[in-house]
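Here's a quick briefing to read with the model open. Have a look at the structure, then come back for the details.

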2 protein chains.
Amino acid sequence: MTPTTIGMVAGALTSIAAIPQVIKTMKTRHVRDISIWQPLLLAIGVTLWMIYGVLISDMPLILANITPLICNVVLTYMKIRYGGDVC
Amino acid sequence: MTPTTIGMVAGALTSIAAIPQVIKTMKTRHVRDISIWQPLLLAIGVTLWMIYGVLISDMPLILANITPLICNVVLTYMKIRYGGDVC
C-alpha cells in the first residue's frame with residue numbers, strides 16, 4: 001500500500017467511527033455510560049478542523065469532517081436529551 | 001486567530017476528546033451503552049494515521065495520534081473486559 005492509500009483508509013475509518021455509536025444510541029436511547037465530553041469535544045474539534053480546511057482551502061479536510069461533525073452533534077444532543085448524569 | 005492556531009486548537013481538542021470517556025469508564029466499569037465499534041475503528045484508524053505520519057515523516061501527525069491511540073485501545077479493552085452485548 002502506498003502512503004496515500006494508507007492515509008485515505010485512515011481518514012475513512014476515523015470519519016465513520018462514530019456512526020455505530022449513533023445507531024446504537026438511537027435504538028436504545030441509553031446514554032448513562034457515555035461521557036458527554038467525548039462527542040462535545042469532538043464536535044467542537046471537527047468544526048475547527050473544517051474552519052481550518054476552509055481557511056487553507058483544503059477540500060479533503062473539509063469533506064472528511066462532515067460525517068464526524070453530524071455524528072458528534074447528534075450524540076451530544078442525545079446525551080442531553082436522554083438524560084443521565086452529565087459527566 | 002490565524003489558521004495555524006485554529007488547526008492547533010482543533011488538533012488538541014480531537015486528541016484529548018476520548019480521555020473523559022476513559023476516566024468515566026475506568027471509574028464506573030459500565031460499558032453497556034458504548035458501541036465497541038467507535039473505539040475499535042478509531043484505534044485502527046489512528047494507528048494507520050501514525051503509520052502514514054511515519055511514511056511521510058510528519059511528526060505533528062504522529063504526536064497528535066498517540067493519545068487517541070492509547071485511549072481507544074484502552075476503551076476497546078474495557079468494552080470487552082467489562083462485558084455487555086458487543087454491538
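Predicted model: local features only at pLDDT ≥ 70, side-chain atom pairs only at ≥ 80, totals over all residues.

Residues are numbered from 1 along each chain as its sequence is written, chains are lettered from A and ligands numbered from 1 in the order in which they are written, and side-chain values use heavy atoms, with hydrogens and water left out.

**Chain A overall**

- Chain A comes to 5 helices and 0 strands, where helices (H or I, at least four residues) and strands (E, at least two) are DSSP runs numbered from the N terminus.
- Going along the sequence, the pattern of chain A reads α-α-α-α-α.
- Taken along the principal axes, the C-alpha atoms of chain A fill a box of roughly 45 × 30 × 15 Å.
- Of the 87 residues in chain A, 43% are buried; buried means under 20% relative accessible area, exposed over 50%, and partly exposed in between (1.4 Å probe, protein chains only).
- Take the contacts (heavy atoms within 4.5 Å) in chain A between residues at least 6 apart in sequence: 70% of them join residues at least 24 apart.

**The interface of chain A and chain B**

- Here 37 residues of chain A are in contact with 37 residues of chain B.
- The two chains bury about 3,300 Å² between them, with 71% of it on carbon and sulfur atoms; buried area is the accessible area (1.4 Å probe) that two parts lose on being put together, summed over both.
- On the chain A side, Lys24(A), Asp33(A) and Gln38(A) lose the most area to chain B, together 21% of what that side buries.
- Helices H1 (3–16), H2 (19–28) and H3 (37–55) of chain A each supply at least two residues of the side that touches chain B, and H3(A) gives the most, with 12 residues.
- By class, that side of chain A has 23 nonpolar, 9 polar and 5 charged residues. Ala, Val, Leu, Ile, Met, Phe, Trp, Tyr, Cys and Pro count as nonpolar, Asp, Glu, Lys and Arg as charged, and the others, Gly among them, as polar.

- H1(A) has 14 residues and reaches 20 Å from its first C-alpha to its last, close to the 20 Å expected; the expected span is 1.5 Å times one less than the number of residues.
- The buried residues of H1(A), including Ile6(A), Ala10(A) and Leu13(A), pack against H4 (59–64) and H5 (66–81) of chain A together with H3 of chain B.
- H3(B), residues 37–55, has 19 residues that should span 27 Å, and its end C-alpha atoms are 27 Å apart, which agrees.
- Among the buried residues of H3(B) are Gln38(B), Leu41(B), Leu42(B) and Met50(B).
- The cover over the buried residues of H3(B) includes H1 and H2 of chain A, together with H4 (59–64) and H5 (66–81) of chain B.

- Gln21(A) sits in H2 of chain A and counts as buried because its relative accessible area is 3%.
- The side chain of Gln21(A) reaches the backbone nitrogen of Ser35(B) at 2.8 Å.
- Beyond its neighbours within four places in sequence, Gln21(A) is in contact with residues including Ile34(A), Leu75(A), Asp33(B) and Gln38(B).
- Thr25(B) is in H2 of chain B and, at 1% relative accessibility, is buried.
- A polar atom of the Thr25(B) side chain lies 2.8 Å from the backbone oxygen of Gln21(B).

- Most residues other than glycine have a negative phi.
- Ser57(A) has a positive phi of about 55 degrees although it is not a glycine; Ser57(A) lies in the loop between H3 and H4 of chain A and is exposed, at 66% relative accessibility.
- Ser57(B) also has a positive phi of about 55 degrees; Ser57(B) is in the loop between H3 and H4 of chain B and is exposed at 65%.

Key
Polar contact = N/O pair within 3.5 Å; in protein donor to acceptor, adjacent residues only side chain to side chain.
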